[in-house]
Amino acid sequence: MTSTTDNLRVEQHRGWALIQINRPHKRNALDRATRTGLLAALRSLEQRARAVILTGSGSAFCAGLDLTERAADRAAGRDTGSAEWVELNAAIRAHPAVFIAAVNGVALGGGVTLMNSCDLALASAEASFACPELGFGAYASASGPTTQLSGIARKRAAWLLLTTDRLDAATFERWGLVNEVVAPAALLPRATGLAERLAAHDPTALSAVKQALDHIPAVVRDWREAMEYGQRVNADIRRHNNHTPIPTQETTP
């Protein structure tokens with residue numbers, strides 16, 4: 001099943017989904033309508049997808065928030081973009097599905113944030129990344145913290161945030177921010193194959209593993225505690241898993 005709006009394309013497949021930001025004329029910058037649409041799409045997929053691919057259209061993955069709209073909102077005294085942005089990225093992290101960023105082109109500021117919020121990231125060899133906020137006299141308030149939470153070395157995070165340089169996909173792969181770089185034509189087939197593999201896993205276990213990836217480094221402090229946590233996770237899976245399959249939809253031709 002496929003649904004399309006002015007800003008988003010959502011395809012639901014058997015156990016997985018693809019969300020494509022569709023504002024190529026704005027390099028897929030996220031205005032309020034797109035942010036709202038993304039959050040609604042995430043909620044609609046909570047019981048329908050075990051894996052979700054997030055990608056862009058045209059030459060960009062995402063150029064961040066729509067700065068023209070935000071400037072107009074601030075001038076009118078009604079800026080709520082920051083709160084909405086935090087909510088959207090938190091929803092990706094809390095979602096039961098595994099998110100795969102398929103970075104097809106340039107990712108700037110908020111585009112880096114979206115990629116960081118995803119559990120896995122594939123990038124086209126033509127993709128590039130930058131956090132240009134300092135050049136506008138601002139801190140990269142979302143892409144900066146989420147990049148550092150991704151575990152890269154401080155000096156690498158400093159280079160990204162202080163120089164505002166645009167970095168290539170090979171650099172982001174070397175830094176550990178991208179799992180794999182592939183040829184442009186191979187990006188969506190590779191992401192699709194990965195989503196299909198993930199969708200074949202038990203949904204309760206899949207979500208538990210995703211949660212553990214955040215919980216262990218944030219909360220657990222020693223090996224014994226980590227292993228005891230792992231035992232509790234498996235006990236919870238066995239207790240709560242009734243093996244009810246997620247409803248699925250095939251994509252219409």
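Let me begin with N28, which counts as buried because its relative accessibility is 0%; buried means under 20% relative accessible area, exposed means over 50%, and partly exposed is in between, with a 1.4 Å probe and protein chains only. N28 sits in the loop between β3 (16-21) and α1 (32-44). Helices here are DSSP runs of H or I with at least four residues, strands are runs of E with at least two, and both are numbered from the N terminus. The phi of N28 is near 60°, a positive value in a residue other than glycine.

A word on where this comes from. This is a predicted model, in which local features need pLDDT of at least 70 and side-chain atom pairs count only at pLDDT 80 or more, while totals for chains, interfaces and linings use all residues. Residues are numbered from 1 along each chain as its sequence is written, and side-chain values use heavy atoms, with hydrogens and water left out.

T164 also has a positive phi, about 60°, and is not a glycine. Its loop is the one between α6 (154-163) and β10 (167-168). Is T164 buried or partly exposed? T164 is partly exposed, at a relative accessible area of 28%.

On to the sheet. Four strands make an open sheet with mixed pairing, in the order β5-β7-β9-β10; two strands pair if DSSP finds at least two bridges between them. β5 (60-62) and β10 are the edge strands, each pairing on one side only. Strand β9 (residues 128-130) runs antiparallel to β10 and is joined to it by two bridges. In one of the pairings, F129 has L167 of β10 as its bridge partner.

Now α1. Its buried residues are T34, R35, L38, L39, A41 and L42. Down the axis of α1, these fall within an arc of 160°, so they line one face of the helix; the arc is that of the directions from the helix axis to the C-beta atoms.

Last, the cores. A nonpolar core is a set of buried Ala, Val, Leu, Ile, Met, Phe, Trp, Tyr and Cys residues joined through side-chain atoms within 4.5 Å. The largest one has 47 residues, and I19, V103, L114, M115, F129 and F172 have the most contacts inside it. Apart from that core lies another of 16 residues, among them A51, I53, L198 and A199.
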